[in-house]
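Hello,

Here is the structure I promised to pass on. Please have a look, and then read my notes below.

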Amino acid sequence: MTIVAGGDSMIWGSELADSPHGGSNGYSKNTFSALLAGDEYHCSAYPGIGNKQIYSRIRDDLTRIKRCGVIVCWTWPSRDNEINSDKWIIALQTYLKYHNYPYLFTCVDNCIITDNPEIDWDSWYMFPAGQGSGQTETPRGFYQWAVENKYNIGLDGHPLEQAHHDAEILIKEKFNELVKKHY
Amino acid sequence: MNWLKNIINRIKLEIAYRKKLKELKKRDPFIYK
């Protein structure tokens with residue numbers, strides 16, 4: 001079964017050594033989403049996009065790829081000039097549930113988390129809260145977790161290979177439970 | 001005077017919304033810089 005991954009530059013793998021460019025098929029296979037997926041992987045992510053486009057790109061790709069699991073790393077809501085992205089999250093969640101696609105959501109930053117009861121938060125993976133001074137004290141997004149744990153960061157600010165490798169290990173159990181066991 | 005109160009409340013909400021959006025934009029290091 002193919003895993004379709006949605007997100008922005010974090011899921012594209014900008015600044016990872018095996019991502020040669022931002023053009024067609026220039027995405028990395030060393031992001032945490034690609035590592036979780038294994039060989040059958042399709043990247044719907046693209047650098048710099050907002051959550052509205054993350055939603056649209058996944059929807060478009062799912063019309064072509066019928067049997068698959070989905071992982072989405074939502075980005076900052078402000079890219080769409082919105083203070084939350086609930087409508088895109090709920091729209092995709094509804095579509096995935098209706099069509100029985102196994103899925104897992106996560107995010108780059110926990111500012112996307114709201115108290116909206118329509119969102120099925122049990123289908124989310126959040127990175128553990130920080131414990132050091134100045135760290136985020138609530139469950140974090142991938143970018144917050146990587147930066148606050150001082151993983152190597154590229155010149156343009158993207159977490160590099162080690163962060164993705166360790167993120168894969170953290171997410172794996174929940175990903176297997178929500179996505180892989182439904183293969 | 002209700003219409004005036006409504007307008008003032010709408011303006012207050014809009015200002016709060018824009019302030020929140022500005023704060024959120026600062027959290028995105030890939031767009032804001």
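**What I found**

Glu15(A) counts as partly exposed because 19 C-beta neighbours lie inside 10 Å; here, buried is 20 or more other C-beta atoms within 10 Å of a residue's own, exposed is 12 or fewer, and partly exposed is in between, with C-beta atoms placed from the backbone. Please keep in mind that this is a predicted model, where local features need pLDDT of at least 70, side-chain atom pairs count only at pLDDT 80 or more, and totals for chains, interfaces and linings use all residues. Residues are numbered from 1 along each chain as its sequence is written, while chains are lettered from A and ligands numbered from 1 in the order in which they are written.

Back to Glu15(A): this residue sits in the loop between helix H1 (9-12) and helix H2 (32-37) of chain A. Helices (H or I, at least four residues) and strands (E, at least two) are DSSP runs, numbered from the N terminus. Most residues other than glycine have a negative phi. Glu15(A), however, has a positive phi, near 75°.

Asn100(A) is not a glycine either, and its phi is positive at about 60°. Asn100(A) belongs to the loop between helix H4 (86-98) and strand S4 (103-107) of chain A, and is exposed, with 8 other C-beta atoms within 10 Å.

In chain B, helix H1(B) is hardly covered: one of its 26 residues is buried.

Finally, the contact involves 11 residues from chain A and 10 residues from chain B, two residues being in contact if their C-beta atoms, placed from the backbone, lie within 7 Å.

Best wishes
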